[in-house]
Amino acid sequence: VNQKGWMKMKEKFIRFMQGRYGVDQLSKFILILGLVFVVISALFNNALSLLTYILGWVMVIYCYFRIFSRNIPKRYAENQAYLAKTYKIRTFFGKQKNIWQQRKTHHIYTCPSCKQKIRIPKGKGKIEVRCPKCGTTFIKNS
């Protein structure tokens with residue numbers, strides 16, 4: 001298909017999607033989970049795999065229902081509820097990624113009394129660390 005054909009197809013799809021909800025985090029999660037169920041059901045051959053296969057396709061179909069839905073306030077509310085329920089999990093992994101990146105240039109110690117995490121630059125030798133939260137001092141290598 002030539003460039004002009006792609007542009008025409010793209011414009012038709014954009015017009016089709018006007019007034020529809022589109023893809024959000026909940027839709028992505030449901031789609032991935034549904035596809036995982038379908039793949040798992042293909043790997044095993046028993047009575048449970050048929051149920052897993054059907055459940056997977058129901059999830060995929062529901063995902064596309066949400067994407068093409070015109071009830072935007074309801075889909076938005078569903079996504080906000082999903083984001084609120086998964087907030088702690090998502091921020092935990094974000095914090096772990098940030099800590100892992102900082103380990104190249106900093107040591108991260110925990111205060112022995114209040115358990116506050118304290119970031120100390122590497123390469124300063126043995127230093128006395130003062131906790132900014134409770135004021136406890138302790139000696140660590142940097």
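This is a predicted model: local features need pLDDT of at least 70, side-chain atom pairs count only at pLDDT 80 or more; totals for chains, interfaces and linings use all residues.
Q: What lets two side chains pair by charge?
A: Side chains of opposite charge can pair when their charged atoms come close. Here, a search of the whole structure turns up three salt bridges.

Q: Which residue forms a salt bridge with Asp24, and how far apart are the closest N and O atoms?
A: The partner is Arg66, with the closest N and O atoms 3.0 Å apart. This pair links distant parts of the chain. Asp24 sits in the loop between helix H1 (3-17) and helix H2 (25-43). Arg66 belongs to helix H3 (residues 47-68), 42 residues apart from Asp24.

Q: Is Arg66 buried or exposed, and why?
A: Buried means under 20% relative accessible area. Arg66 has 0% relative accessibility, so it counts as buried. Asp24 is buried too.

Q: Where do Arg75 and Glu78 lie?
A: Both are in helix H4, three residues apart, which is about one turn of the helix. Arg75 is buried, because its relative accessible area is 4%, against a cut-off of 20%.

Q: Which residues do the salt bridges with shared partners join into one network?
A: The network joins Asp24, Arg66, Arg75 and Glu78. Arg66 pairs with Asp24 and with Glu78.

Q: Now the nonpolar side chains. What is the general idea?
A: In soluble globular proteins, nonpolar side chains tend to be buried together. In this model, the largest nonpolar core has eight residues. They are Met17, Leu26, Ile30, Met59, Cys63, Ile67, Tyr82 and Leu83.

Q: Which helices each supply at least two residues of this core?
A: H2, H3 and H4 do. The largest share, three residues, comes from H3.

Q: What does Cys63 touch, not counting residues up to four places away in sequence?
A: Cys63 touches Ser27, Ile30 and Leu31. Of these, Ile30 is listed with Cys63 in the largest core.

Q: How many residues are in the second, separate core?
A: Seven, including Cys111, Ile118, Ile120 and Phe138.

Definitions and conventions
Residues are numbered from 1 along each chain as its sequence is written. Side-chain values use heavy atoms; hydrogens and water are left out. A salt bridge is a side-chain nitrogen of Lys or Arg within 4 Å of a carboxyl oxygen of Asp or Glu. Helices (H or I, at least four residues) and strands (E, at least two) are DSSP runs, numbered from the N terminus. Buried means under 20% relative accessible area, exposed over 50%, partly exposed in between (1.4 Å probe, protein chains only). A nonpolar core is a set of buried Ala, Val, Leu, Ile, Met, Phe, Trp, Tyr and Cys residues joined through side-chain atoms within 4.5 Å. Contact means heavy atoms within 4.5 Å.
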